[in-house]
Amino acid sequence: NGFAEPQPGGGWLYRLALGVFYSAPAQPDVASVRAVLSPQATAGPTSDMPFRDWMLRWDPVWNALKAGGFWESKKPWLMMFVGAENGPAYLDTVFGELTATQMGPGPVRISPMNAQALTRPNFMLPRRRTNEFWEISLIRFPAPNHPDVPSLLAQNRRFYDRAVALG
């Protein structure tokens, strides 16, 4: 999955987390995975870990948020599905308005998804031309006792309305 993190001086740092699953003694071909990344992507660190550790890799982050008092405060999160062809326009809207203060230490998740993997009836998906869509989520952790959570909820509504308008 991908995500964007607010930077202290402004702007956003975009990250991509990839998992390559394999069964020992086979080893993944990390070089071939990196070869398909765009030239703008910088190679980050790699690590080899059991599946359970991969699934629990966010636990230290959650524990730090709990220790900092963020966990008990209100979290006006927003999760949206946006058709792949409308993703860039939607993200332009979101990143054109969103600030680091409004996010706190939380990321903006940007994860590609495929509708063919969803088999439950009545699962709401955006209008789209292909099976691809994006899950875009604001995992907000505003400062404890943030004085203006209603404005964050109003902003979520604007972002929701934009997604609906795009399809």
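These legends go with close-up views of a predicted model.

**View 1. Helix α4 and its buried side.** Helix α4 runs over residues 87-97, and its buried residues are G87, Y90, L91, V94 and F95. Look down the axis of α4 and these buried residues fall within an arc of 120°, so they line one face of the helix. On the face turned away from the buried side sit D92 and G96, both exposed. As for packing partners, the buried residues of α4 pack against strands β1, β2, β3, β4 and β5, plus helix α6.

**View 2. The F3 and W58 pair.** The whole structure holds 10 aromatic pairs. One of them is F3 with W58, an edge-to-face pair at 5.7 Å centre to centre, with 70° between the planes. F3 belongs to strand β1 and W58 to the loop between α2 and α3, so this pair links parts of the chain 55 residues apart. F3 is buried at 10% relative accessible area, while W58 is partly exposed at 26%.

**View 3. The F81 and F133 pair.** Here the ring centres are 5.2 Å apart and the planes meet at 80°, so F81 and F133 are edge-to-face. F81 is in strand β3 and F133 in strand β5, so the pair ties together parts 52 residues apart in sequence. F133 is buried at 0% relative accessible area; F81, at 27%, counts as partly exposed.

**View 4. An aromatic cluster, and charges over rings.** F3, W58, W62, W71, W77 and F141 make up one aromatic cluster. K75 lies over the face of W71, 5.5 Å from the ring centre. Over at W54, the charged end of R57 sits over the ring, 3.6 Å from its centre.

Conventions:
Residues are numbered from 1 along each chain as its sequence is written. This is a predicted model: local features need pLDDT of at least 70, side-chain atom pairs count only at pLDDT 80 or more; totals for chains, interfaces and linings use all residues. Side-chain values use heavy atoms; hydrogens and water are left out. Buried means under 20% relative accessible area, exposed over 50%, partly exposed in between (1.4 Å probe, protein chains only). Helices (H or I, at least four residues) and strands (E, at least two) are DSSP runs, numbered from the N terminus. The arc is that of the directions from the helix axis to the C-beta atoms. Contact means heavy atoms within 4.5 Å. Rings of Phe, Tyr and Trp (its six-membered ring) pair if their centres lie within 6.5 Å; planes under 30 degrees apart count as stacked, over 60 as edge-to-face and the rest as tilted. A charge sits over a ring if NZ of Lys or CZ of Arg is within 6 Å of the ring centre and within 35 degrees of the ring normal.
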